[in-house]
Number of protein chains: 2
Amino acid sequence: MEKINLAEKFDRIDAYWDPRIACELNSQHVKLVKFKGPFVWHHHENEDELFFVVKGRFNMEFRDRTEIVNENELIVVPRGVEHRPVADEEVWVMLFEPASTLNTGNIENDLTKKNLDLI
Amino acid sequence: MEKINLAEKFDRIDAYWDPRIACELNSQHVKLVKFKGPFVWHHHENEDELFFVVKGRFNMEFRDRTEIVNENELIVVPRGVEHRPVADEEVWVMLFEPASTLNTGNIENDLTKKNLDLI
C-alpha cells in the first residue's frame with residue numbers, strides 16, 4: 001500500500017522494450033516500459049491491452065491505420081487485433097493487462113521478455 | 001480502438017465523486033472521477049482498487065496512516081482494506097478496477113453510484 005511514483009520508477013529503466021512490473025491487482029499487472037524504435041507485429045490471443053502514455057508519444061500501427069497516442073492519452077487494443085507500437089523518440093508507457101500477457105503475444109523472438117522483474 | 005484523451009474526458013465531468021467509465025478491458029473498468037472534499041470510509045470485499053492521479057493530489061486515509069498521492073503517482077488499495085480518499089482541492093483520478101466494483105464498497109449512501117455512464 002505504498003504509493004508508486006512513475007517518474008522515479010521510469011528513471012530506473014535503462015533499456016527499451018523491457019517491461020517491468022509496477023504492481024499487481026485483480027490478476028492484472030501494471031507494467032512500465034520505455035519504447036523507442038519499432039516493435040514487432042503481434043497480437044494477444046486472450047488479452048486486451050491498455051497503453052497509457054506517461055511521457056512522449058508513439059504510433060500504434062494497425063494493419064489498416066495508425067493512431068498517434070500522445071502524453072496523457074490511452075488506447076486499448078482488443079484481443080486478437082494485430083498491432084505494432086513504433087516510437088520515433090523515447091516514450092514512457094504504462095500498461096494495464098492480465099498477468100498472463102506476454103509482451104510479443106503470438107510471436108517469440110529476441111524481443112520476447114518472460115519472468116518480468118518488479119521495479 | 002480510438003485513443004482516449006484524458007483531459008478531454010475530464011473536461012466533461014461536472015460533478016465530484018461521480019465516476020464515469022472510460023473503457024472496459026478484461027472485465028476491468030477504467031474510470032475517471034473528480035474528487036473534492038472527503039469521501040466515505042469503506043472497503044471492497046472482493047476487489048483491489050488502483051488510483052492514479054492525473055492532475056492535483058489527494059490524501060488516501062487508512063485507519064492507521066495517510067498517504068499523500070500526487071500527480072503521476074498511483075496507489076493500490078487491496079481488497080478488505082478500509083480507506084477514505086480526501087481531497088483539499090479538486091483532483092482528477094483514473095481508477096482501474098474490476099467492472100463489479102461499487103464506488104462506496106460495503107457502504108450504501110447518497111454517494112453510492114450504480115449503472116455508471118460511459119464518457
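Leaving aside its neighbours within four places in sequence, which residues is B:Asn5 in contact with? The residues in question are A:Asn72 and A:Glu73, where contact means heavy atoms within 4.5 Å. The model is predicted, so that local features need pLDDT of at least 70 and side-chain atom pairs count only at pLDDT 80 or more, while totals for chains, interfaces and linings use all residues. Residues are numbered from 1 along each chain as its sequence is written, chains are lettered from A and ligands numbered from 1 in the order in which they are written, and side-chain values use heavy atoms, with hydrogens and water left out.

B:Asn5 is found in strand E1 of chain B; strands (E, at least two residues) are DSSP runs, numbered from the N terminus. With a relative accessibility of 19%, B:Asn5 counts as buried, a class that means under 20% relative accessible area, against over 50% for exposed and in between for partly exposed (1.4 Å probe, protein chains only). The side chain of B:Asn5 has a polar atom 3.1 Å from the backbone nitrogen of B:Ala7, and it reaches the backbone nitrogen of B:Glu8 at 3.0 Å. Across the two chains, A:Glu73 stands opposite B:Asn5. Strand E7 (residues 73-77) of chain A pairs with E1(B) in the antiparallel sense over two bridges, where pairing requires that DSSP finds at least two bridges between two strands.

The interface as a whole involves 35 residues of chain B in contact with 35 residues of chain A. The size of an interface is often given as the accessible area lost when the parts come together. Here the area buried between chain B and chain A is about 3,000 Å², with carbon and sulfur atoms giving 61% of it; buried area is the accessible area (1.4 Å probe) that two parts lose on being put together, summed over both. Of the area that chain B buries against chain A, 26% is supplied by B:Met1, B:Lys3 and B:Asn26, more than by any other three residues.

Two salt bridges are counted between chain B and chain A, a salt bridge being a side-chain nitrogen of Lys or Arg within 4 Å of a carboxyl oxygen of Asp or Glu. A:Lys3 forms a salt bridge with B:Glu73, and the closest N and O atoms are 3.0 Å apart. Several strands of chain B each supply at least two residues of the side that touches chain A, including E1 (4-5), E3 (28-38) and E8 (84-98). By class, this side of chain B has 19 nonpolar, six polar and ten charged residues; Ala, Val, Leu, Ile, Met, Phe, Trp, Tyr, Cys and Pro count as nonpolar, Asp, Glu, Lys and Arg as charged, and the others, Gly among them, as polar.

A:Phe52 is found in strand E4 (residues 49-55) of chain A and is buried, with a relative accessible area of 0%. Leaving aside neighbours within four places in sequence, the contacts of A:Phe52 include A:Leu74 and A:Trp92, as well as B:Leu6, B:Phe52 and B:Met94 of the other chain.

Within chain B, E3(B) is mostly covered, nine of its eleven residues being buried. E2(B) and E3(B) run antiparallel and are joined by five bridges, with B:Arg20 opposite B:Leu32. These strands form a hairpin with two residues between them, and B:Asn26 in the turn has a positive phi of about 50°. E3(B) also pairs with E8(B), in the antiparallel sense over ten bridges; B:Val86 in E8(B) is the bridge partner of B:Pro38.

Over all chains the structure holds 20 salt bridges. A:Asp14, A:Asp18 and A:Arg20 are linked in a network of them; A:Asp18 and A:Arg20 are both buried, and their closest N and O atoms are 3.2 Å apart. In the salt bridge between B:Glu61 and B:Arg84 the corresponding distance is 3.0 Å. B:Glu61 lies in strand E5 (residues 57-61) and B:Arg84 in strand E8 of chain B, so the pair ties together parts that are 23 residues apart in sequence.

Methods: Helices (H or I, at least four residues) and strands (E, at least two) are DSSP runs, numbered from the N terminus. A polar contact is a pair of N or O atoms within 3.5 Å; within protein, one must be able to donate a hydrogen and the other to accept it, and residues adjacent in sequence count only if both atoms are side-chain atoms.
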